[in-house]
Structure formats: structure tokens, C-alpha cells
Amino acid sequence: MIIAERQSRLRDLLAHRGMCDLDSLSAELGVSQSTIRRDVELLVRSGDVKRTHGGVIWVGDRSGSNGARPYAFDQRLTYQLGAKRAIAAAAKKLVRAGQTILLDGGTTTFHLAHELLGQPLQLVTNSLPIANLFLNDENVELVLVGGLMYPRYGVLLGPMAETELSHIHAQTLFISVAGVHEGSLYNQNLLLVQAERRMIEQAHQVVLLVDSGKFGQQALAKLGGLDEVDLVVTDAAIAAEHREQVTAAGCELIVSEM
């Protein structure tokens, strides 16, 4: 296989699947891992992919690859990137070695997961992008919740997911939402909200990771009240009125620095 053909096929594979580990790419394309790493590095430079620990996530445009539709997770991964990274860095300080934590499938929780690479933890998630980060991390005991695949966000939902979640207990749940409006939390999908309701019930502490742009916003499905959250981590652009809403609900507020 000539170089240009191999690199074109690599782009198509990653754009179609969204994520993959280097071992699988090496075997499928019939080349060494060092060759795959060089090819992946070219895609990193072009902004099409993001390297993870032992794997690759496609963050480029999906619309031109075999007619695949754009994934909402990919599109939102870099939205408010600076704020999300600052929130993730602040939230990392809330995690202690050896804890059992639960992460939902949001993009801000994905950035937190990236911060936690290499830290000894038990980590439970229903997110395939988050699980993929820890494929080769020997310090993390990973529990991936099964269920019905919701491909636009890379999460596993439905009755199976809710049943599995009912059998676990986490010290801390880190959760993200599409909107916080007049003391209520909202997300985009009814099945997503049902799974997150179960997560809230199974966690000792609930930490909401939300960039300031989500305040004042609503979405399709109401998740619950802000008063069910113990701690809110947001960025410094949060308005004074929204700070007051958070504290009025009885939540501790952490404002991250960019």
C-alpha cells in the first residue's frame, strides 16, 4: 500500500469510527506502530485528530467521510475549549487517589477524564470516548456501563444502562448539562436524563461541571433541580446573578481560572 493510499484510508477509518486504538489501526492497515504514529502525527498537525493515551479520537469534519453525519460530541468538544479545560483542571483537585468516581458522557467531563489519566482510581462511565482514554491506563480500574448506543454523543443509555448503574455506588459523580435555567438542570435527550437521574441517586456527592454559557439556557428534558447538586464548578465569566442562583440553591461554587 502506497503512503498516500494508507493515509487516506487511515483518515476514512478514524472519521467513520470516531475513535480507535493504535494497536487496532496498526493491524488493520498492516503496518508497524511506528508508521501509524507518524501518520497520526500528520493528522494531529492538521487538526483532524486528538491523541489520547494509546489511541486516537477524530475531531475533524465527518460530513465528507462516506456520507457520515457530524457527531454532536465531536462538534462540541472544542466549543468553549478554554473554559472547559479550566473547569476540568479545577475539578481534578476534587479527586483523591483510590476514589470511585462516576463520569457522565459530556464534553466537559471528557476534559476532566483527560486530566485524570495516570491517577489510581475506580472509574465508572457510560461514555465510549471517556472509556477509550483509559484503554491502556493500568492505574485505572475502568467500569463501562452497557446499554443502547446513542451515537451522536457516544454514550450508552436505556434500561440496561439504568439497571447496571443501580448496582454501583460512587463517592463522586461529575456531571455536565446543556442548560441551567431558573434553578433547574436540562439536557438534550430523554434517555440521557433518565440515565443521569440514576447516576445522581447512586453517588454520595454530585459535582456539576458547567461553563458559564450554559446558565440561562434550557433544553428538551428537565434533569432535576440545582438543589440536588453539592458543588458547581464553572469559569470566571459567570454572571453575578447566576452566582447568586447557585449559592441560593445551597451549592458550593468553585470558579476556575483560565
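This is a predicted model: local features need pLDDT of at least 70, side-chain atom pairs count only at pLDDT 80 or more; totals for chains, interfaces and linings use all residues.
Two rings of Phe, Tyr or Trp (its six-membered ring) form a pair if their centres lie within 6.5 Å, and planes under 30 degrees apart make the pair stacked.

**Aromatic pair**

- The ring centres of tyrosine 150 and tyrosine 153 are 5.5 Å apart and their planes meet at 20°, so the pair counts as stacked.
- Tyrosine 150 has a relative accessibility of 23% and is therefore classed as partly exposed.
- Tyrosine 153 is classed as buried because its relative accessibility is 14%, the cut-off for buried being under 20%.

**Sheet of β10, β11 and β13**

- The 3 strands form an open sheet in the order β10-β11-β13, and their pairing is antiparallel.
- From one strand to the next, the twist averages 30°.
- Strand β11, comprising residues 184–187, is joined to β13 by 4 bridges, and the two run antiparallel.
- Within this pairing, asparagine 187 is placed opposite alanine 221 of β13.

**Helix on the sheet**

- Helix α9, formed by residues 190–201, lies across β11 and β13.
- The direction of helix α9 is at about 20° to that of β13.

Note on methods: Residues are numbered from 1 along each chain as its sequence is written. Side-chain values use heavy atoms; hydrogens and water are left out. Rings of Phe, Tyr and Trp (its six-membered ring) pair if their centres lie within 6.5 Å; planes under 30 degrees apart count as stacked, over 60 as edge-to-face and the rest as tilted. Buried means under 20% relative accessible area, exposed over 50%, partly exposed in between (1.4 Å probe, protein chains only). Two strands pair if DSSP finds at least two bridges between them. Axes are lines fitted to C-alpha atoms, for helices over the stretch in contact, and angles run from 0 to 180 degrees between N-to-C directions. Contact means heavy atoms within 4.5 Å.
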